[in-house]
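Q: Hi! I'm new to this one, could you walk me through it?

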Amino acid sequence: VVVAALYTAGAAAGTIRADARLMLFGMHLSQASGSVDGLRRLRAELDAFAQAHPDYPKLGLVRLGYARAITASDPEGARALIRLVASGSDARAAERARSMERLLDLDKKPIEMKFTAIDGRTVDLASLRGKVVLIDFWATWCQPCMANVPQMIELDRAYRDRGLSIIGISLDKDKQALEKTLSEKAITWPQYFDGKGFATSISSAYGIDSIPRLWLVNKKGFVVKTNAEESEDLAAEIEKLLSE
């Protein structure tokens, strides 16, 4: 109600009014999630805002939020919007757009990922063709991530000998905390660590902005799922990929 009042108030300053308008847009976007018609109406609202406020500093990020919301229902529309932001003058939004574009392109070719793990092991996804790979973006400070550890250990034990490889991408900043957790929890799969948190090179390259995040990679090296943490039966999905 307060936001709506700010937006409609004629006396509201231009920037405050624009902020309020975008706050309303964000609320409407959340409510319209999954509604194709609702999202289409919001696109018209977003375009009208962009025409009225072409230099608004958060416009690129708002466009990316909308693009994320329509990725499933309108992937080409999302891609076009992402490219628009990527070519814009807002460096922060442009970099995030490029990350999102890389994420959308994961189904076009096998994923490339190579690094030296925290324990010195060399990890190269190209050498894991023929295996199913579960990539775990996580951190020791993330409570949902830690709650997920027992399931990950169970999956590793159940499917490792059948062709599953788990790879951890740690978004920790504290190396000692990570090593302590790996030891205490008996986590044996390789871990990438560069100490940069959400700026970790591998995660930031794909715009990972929340964890836990699990990716499933099939035997051909294609990422077939980027939100496997939401799976109702992850073991069954792994079974299916292993049988292909």
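Q: Where is T200 found?
A: T200 lies in the loop between strand 5 (191-192) and helix 9 (201-205). Helices (H or I, at least four residues) and strands (E, at least two) are DSSP runs, numbered from the N terminus.

Q: What kind of model is this, and how are residues numbered?
A: This is a predicted model, where local features need pLDDT of at least 70 and side-chain atom pairs count only at pLDDT 80 or more, while totals for chains, interfaces and linings use all residues. Residues are numbered from 1 along each chain as its sequence is written, and side-chain values use heavy atoms, with hydrogens and water left out.

Q: Back to T200: buried or exposed?
A: T200 counts as buried because its relative accessibility is 0%. Buried means under 20% relative accessible area, exposed over 50%, and partly exposed in between (1.4 Å probe, protein chains only).

Q: Which residues does T200 touch?
A: Leaving out residues up to four places away in sequence, T200 touches I169, S170, L171, Y192 and D194. Contact here means heavy atoms within 4.5 Å.

Q: New topic: which residues of helix 10 are buried?
A: In helix 10 (residues 234-243), those are L234, I238, L241 and L242. They cover an arc of only 100° around the axis, which puts them on the same side of helix 10. The arc is that of the directions from the helix axis to the C-beta atoms.

Q: Why would residues a few places apart point the same way?
A: An α-helix has 3.6 residues a turn, so residues three or four places apart point the same way.

Q: And what covers the buried residues of helix 10?
A: The cover includes strand 3 (132-138), helix 7 (143-159), strand 4 (164-170), strand 6 (213-217) and strand 7 (223-225). On the face turned away from the buried side, helix 10 carries the exposed residues K240 and S243.

Q: At what angle do helix 7 and helix 10 pack?
A: The angle is about 30°, and their axes are 11 Å apart. Axes are lines fitted to C-alpha atoms, for helices over the stretch in contact, and angles run from 0 to 180 degrees between N-to-C directions. Helix 7 and helix 10 are therefore roughly parallel to each other; angles under 35 degrees count as roughly parallel, over 145 as roughly antiparallel, 65 to 115 as roughly perpendicular and the rest as oblique.

Q: Which residues make that contact?
A: Helix 7 brings Q151, L155 and Y159, and helix 10 brings L234, A235, I238, E239 and L242.
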